[in-house]
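Here is a short briefing to read alongside the model. Keep the viewer open as you go through the points.

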Amino acid sequence: MSNKVEVGKTIVKLRKSQRMTQEHLAEAANVSVSYLRDIEHDCANPSLSILESIAEALGISLLALIIFSAEEEERDEVLSKIVVH
């Protein structure tokens with residue numbers, strides 16, 4: 001397990017699926033466009049509060065953003081731990 005979470009790629013996919021520009025998402029999340037660009041390219045290490053603002057602007061929870069960003073095998077492991085049987 002690599003523990004690699006590529007939040008930036010997930011943000012790009014979600015943003016584009018909603019036909020949202022970087023400018024619109026940055027404004028909605030209250031971050032600069034250049035910082036959002038760095039986040040999307042996984043060149044920045046945003047705080048949880050920034051990720052929460054971005055997730056909210058995308059209409060999802062922070063937890064969902066992180067889970068969607070995990071590699072498939074890790075996602076299955078995380079989901080199996082939080083699902084109540």
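Predicted model: local features only at pLDDT ≥ 70, side-chain atom pairs only at ≥ 80, totals over all residues.

Helices here are DSSP runs of H or I with at least four residues, numbered from the N terminus. The points below start with the core, then turn to one helix, one arginine and the backbone.

**The nonpolar core**
- The largest nonpolar core has 17 residues, and those with the most contacts inside it are I11, L25, L36, L51, I54, L58 and L65.
- At least two residues of this core come from each of α1, α2, α3, α4 and α5.
- With four residues, α4 supplies the largest share of this core.
- As general background, nonpolar side chains in soluble globular proteins tend to be buried together.

**The buried side of α4**
- Helix α4 spans residues 48–58, and its buried residues include L51, I54, A55 and L58.
- These residues sit on the same side of α4 because they cover an arc of only 100 degrees around the axis.
- Leaving out residues up to four places away in sequence, L58 touches I11, L14, R15, Q18, M20 and L25.

**A buried arginine**
- R15 belongs to helix α1, which runs over residues 7–17.
- Is R15 buried or exposed? Its relative accessibility is 8%, so R15 counts as buried, the cut-off being under 20%.
- The side chain of R15 makes a polar contact with the side chain of E40, at 2.7 Å.
- Beyond its neighbours within four places in sequence, R15 is in contact with M20, T21, Q22, L25, E40 and L58.

- Most residues other than glycine have a negative phi, which makes the next two residues worth a look in your viewer.
- R19 is not a glycine, yet has a positive phi of about 50 degrees; R19 lies in the loop between α1 and α2 (22–29).
- At 79% relative accessibility, R19 counts as exposed, because the cut-off for that class is over 50%.
- D42, also a residue other than glycine, has a positive phi near 55 degrees, and is found in the loop between α3 (33–40) and α4.
- With a relative accessibility of 35%, D42 counts as partly exposed.

Notes:
Residues numbered from 1 in each chain as written. Heavy atoms only, no water. Buried < 20%, exposed > 50% of the residue type's maximum accessible area, 1.4 Å probe, protein only. Polar contact = N/O pair within 3.5 Å; in protein donor to acceptor, adjacent residues only side chain to side chain. Contact = heavy atoms within 4.5 Å. Arc of directions from axis to C-beta. Core = buried A, V, L, I, M, F, W, Y, C linked by side-chain atoms within 4.5 Å.
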